[in-house]
Amino acid sequence: MFLFLSRPMGTLGDRMRVVRERLGDEFLDKLDELHINALRTGLVSRADLQEAYRMARDMNTNHNRLNFLWLLGIIFFIMIATPIFYETISFLLGVRCFLPNNNLVWEATRPISDCEFCKGVVAPLILPNLTREDFARYAYSSRPIIVKKAIAHWSAKQSLNYTSIKELYESVPGSLDTACQFQHFNSDLKSLRDVFKMSPKRVNLSEGSPWFVGWSVCQPMVLAELRKLYPRPHFLPVDAEMPSTDYILMGYEQGAVMHLDYIPRLMWQAQLQGNKSWFLSPAPECDHQCQSFFFYVEPGDAVLVDTRIWYYANTIPRGQFSLTVQSEYG
């Protein structure tokens with residue numbers, strides 16, 4: 001190539017051979033012709049062409065070096081940051097209280113259902129009040145179950161209501177300041193204090209909009225007093241693990257919207273007051289194999305649903321007050 005005729009070969013010759021192999025003889029011949037024509041004009045000297053080549057070569061070398069450093073940085077970031085990011089996300093998703101009530105995150109990370117739990121299930125299994133021995137075969141089933149009149153003998157069915165619960169909380173210092181989980185659902189009540197500040201007319205729904213709330217009873221003294229009014233359901237296995245927290249849900253009409261519970265155990269719920277309709281649906285990936293259904297419970301009934309795999313929602317007949325106690329076992 002004309003630009004380099006006067007330069008010694010050696011390392012440069014080796015480079016030229018590499019360049020010629022990459023670009024091809026035809027392209028380089030045209031480039032030589034361009035260089036010769038440029039020199040003939042007298043406007044460009046051989047030194048100018050050599051300087052232009054040197055600058056282009058240095059720019060290309062620096063560009064390649066910069067790209068290489070960027071590549072090393074990206075590889076380093078992936079090697080170091082990815083494990084840290086994975087461990088952080090795993091920790092945050094494992095500690096449910098870090099993302100309270102964030103059903104969007106939990107839904108996005110839940111395992112895919114195999115659909116065996118819902119195949120052929122079109123209604124709950126309805127059982128009469130029965131003994132622990134008779135219930136043993138159903139104890140850990142994923143089939144929704146209603147045990148009729150199972151808690152009709154509880155003191156809570158007669159004595160527990162909005163007023164008694166309010167008086168209990170007001171009698172235990174600091175109980176309303178304990179950071180227990182609170183669900184306002186679709187109501188305008190944002191805390192347990194708001195619930196107990198309602199006027200009597202709002203409480204009985206003679207004025208204002210319907211309300212429905214639920215909360216965990218995590219204050220030890222309050223929980224101990226409540227559990228004097230309702231025992232552990234008599235039909236549950238003796239060795240069933242029970243949590244240190246129960247839940248109270250009460251209010252009118254709207255109930256809980258369709259959702260899963262992200263809890264470690266099976267759920268039982270005792271219907272103390274009012275009637276309630278349950279709507280159960282399989283996971284979306286099971287729609288082609290399973291079907292949704294609904295059922296009705298009455299005061300005194302116990303309901304057992306694996307709400308970790310069944311999506312569910314509740315409604316309450318218009319004008320009725322519903323009060324339930326809920327807990328887990330496993």
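Me: What makes Tyr296 and Gln320 contacts of Asn275?
Reply: Contact means heavy atoms within 4.5 Å. Leaving aside neighbours within four places in sequence, Asn275 is in contact with Tyr296, Val297, Glu298, Pro299, Ile316, Pro317 and Gln320. This is a predicted model, where local features need pLDDT of at least 70, side-chain atom pairs count only at pLDDT 80 or more, and totals for chains, interfaces and linings use all residues. Residues are numbered from 1 along each chain as its sequence is written, and side-chain values use heavy atoms, with hydrogens and water left out.

Me: Is Asn275 buried or exposed, and how do you know?
Reply: Buried means under 20% relative accessible area, exposed over 50%, and partly exposed in between (1.4 Å probe, protein chains only). Asn275 has 14%, so Asn275 is buried.

Me: Where is Asn275 found?
Reply: Look in the loop between β6 (266–273) and β7. Strands are DSSP runs of E with at least two residues, numbered from the N terminus.

Me: What makes the pair Asn275 and Tyr296 a polar contact?
Reply: A polar contact is a pair of N or O atoms within 3.5 Å; within protein, one must be able to donate a hydrogen and the other to accept it, and residues adjacent in sequence count only if both atoms are side-chain atoms. The side chains of Asn275 and Tyr296 make this contact at 3.5 Å.

Me: Why is Phe279 called partly exposed?
Reply: Phe279, found in strand β7 (residues 276–281), has 33% relative accessibility, so Phe279 counts as partly exposed.

Notes
Helix = DSSP H or I, 4+ residues; strand = E, 2+ residues; numbered from the N terminus.
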